[in-house]
Amino acid sequence: MKRYELIAPCHFGLEAVLKREIIDLGYDVSRVEDGRVSFLGDEEAVCRANVFLRTAERILIKIGSFRAETFEELFQGTKALPWEEFIPRDGKFWVAKAGSVRSKLFSPSDIQSIMKKAMVERLKESYRVSWFEEDGEAYPVRVFLLKDEVTVGLDTTGVSLHKRGYRRLTAKAPIAENLAAALILLTPWRGDRILVDPFCGSGTFLIEAAMMAANMAPGMHREFTAERWPHVIGRALWADTVEEAGEMVDLSVETDIQGYDIDEAMVAAARENARLAGVERLIHFQRRGVDMLSHAKKYGFIITNPPYGERLEDKKNLPLLYQTLGERYRSLDAWSLYLISSYEGVEKDIGRKADKNRKIYNGMMKTYFYQFLGPRPPARPRTERRD
């Protein structure tokens, strides 16, 4: 199989989580940068990364990189890349996104236009044609410019990986599925531990957690652009990867995963999303306000995305809401609380300084992931060996 360098963009601040996922999947990480992780793999790795990675945005095949300070250098550098190895004569190709940071070339539209022209010129020479119908399969390209270094990737994913396919009904300010998964992976929570989200909205945190508990790959029920590139990645590899994912699922696991929301419509939406994800048996949803948050057992986890005040309600209501969350949290025995918010009064109103917090960009919004750590549960006794 051919060896590629693959690029996996992710949310800023969560590169270490994605790196760990890639290593756990069995691949060598070659580079970690702000907002993306690069790794080495073959055609099978493209399939497995798309199907199994929970925290990536998409998977790109790196076509090449070069330095460009002028549009002429951008044109010539792009034209020098081996586009004919990937894009067939009838392929539909375009630069879907261009990003530029601290580079002399900074206009996305100009970068996209120049690169498209260069790709056309290269393929015209390769296929000895003067015109492309572009009525075949899609080959979207993404480019990053950082300090005048141009990195060009072919997008194998298409619709972002955070679109698992289960979330048909959403809250007003839903958290992206891959961001929710990454935040869960930043905690010590595992499938045999208690998990409650008292602001569950459309259920994203809980559904992602239930999928982890059941060892369900996030991309096993969706499609990818590169499935229609049989000359690059054989169709059998995609089928084998989905079969591998299916064999790993265990829906017989016992869980204590609960979601509350004060809005009955949101509770119904969360239930429906969980059903579509195939994990409805693993989650208990209930209409309940945060003031009713309680649990009889110890060592549980609250992982939640409470209102920030930007879109859901006026900021004047936030202090009481966070104060109530803090009061109910203190009433729980030996629990941990993890929440993401852009609200500046989190620690003051919760009534405790966070043990840790991490700056994370939720889209373009700067937020913090506050971590209030409870005590570890006692170690389980080891089972004695019997000869």
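Trainee: Why is R67 called partly exposed?

Mentor: R67 has 48% relative accessibility. Buried means under 20% relative accessible area, exposed over 50%, and partly exposed in between (1.4 Å probe, protein chains only). So R67 counts as partly exposed. A word on sources: this is a predicted model, where local features need pLDDT of at least 70, side-chain atom pairs count only at pLDDT 80 or more, and totals for chains, interfaces and linings use all residues. Residues are numbered from 1 along each chain as its sequence is written, and side-chain values use heavy atoms, with hydrogens and water left out.

Trainee: What makes D148 and R67 a salt bridge?

Mentor: Their closest N and O atoms are 3.7 Å apart. The rule asks for a side-chain nitrogen of Lys or Arg within 4 Å of a carboxyl oxygen of Asp or Glu. The pair therefore qualifies. D148 lies in the loop between β6 (138-146) and β7 (149-155) and R67 in strand β4 (residues 60-67), so the pair ties together parts that are 81 residues apart in sequence. Helices (H or I, at least four residues) and strands (E, at least two) are DSSP runs, numbered from the N terminus.

Trainee: Is D148 buried or exposed?

Mentor: Buried, because its relative accessibility is 5%.

Trainee: How do you know that E137 and R228 form a salt bridge?

Mentor: Their closest N and O atoms are 3.2 Å apart. Both partners are partly exposed: E137 has a relative accessible area of 36%, and R228 has 36%.

Trainee: How many salt bridges does the rule give?

Mentor: The count comes to 21.

Trainee: Why is C200 called buried?

Mentor: C200 has a relative accessible area of 5%, so it is buried. C200 is found in the loop between β8 (194-197) and α6 (204-213). Leaving aside neighbours within four places in sequence, its contacts (heavy atoms within 4.5 Å) are L206, G259, Y260, D261 and F285.

Trainee: How many disulfides does the structure hold?

Mentor: The structure holds 0. A disulfide needs a pair of cysteine sulfur atoms within 2.5 Å.

Trainee: What makes a nonpolar core?

Mentor: Buried Ala, Val, Leu, Ile, Met, Phe, Trp, Tyr and Cys residues, joined through side-chain atoms within 4.5 Å. The largest has 102 residues, and V152, V279 and I283 have the most contacts inside it. Apart from it lies another core, of 22 residues, among them Y260 and W335.
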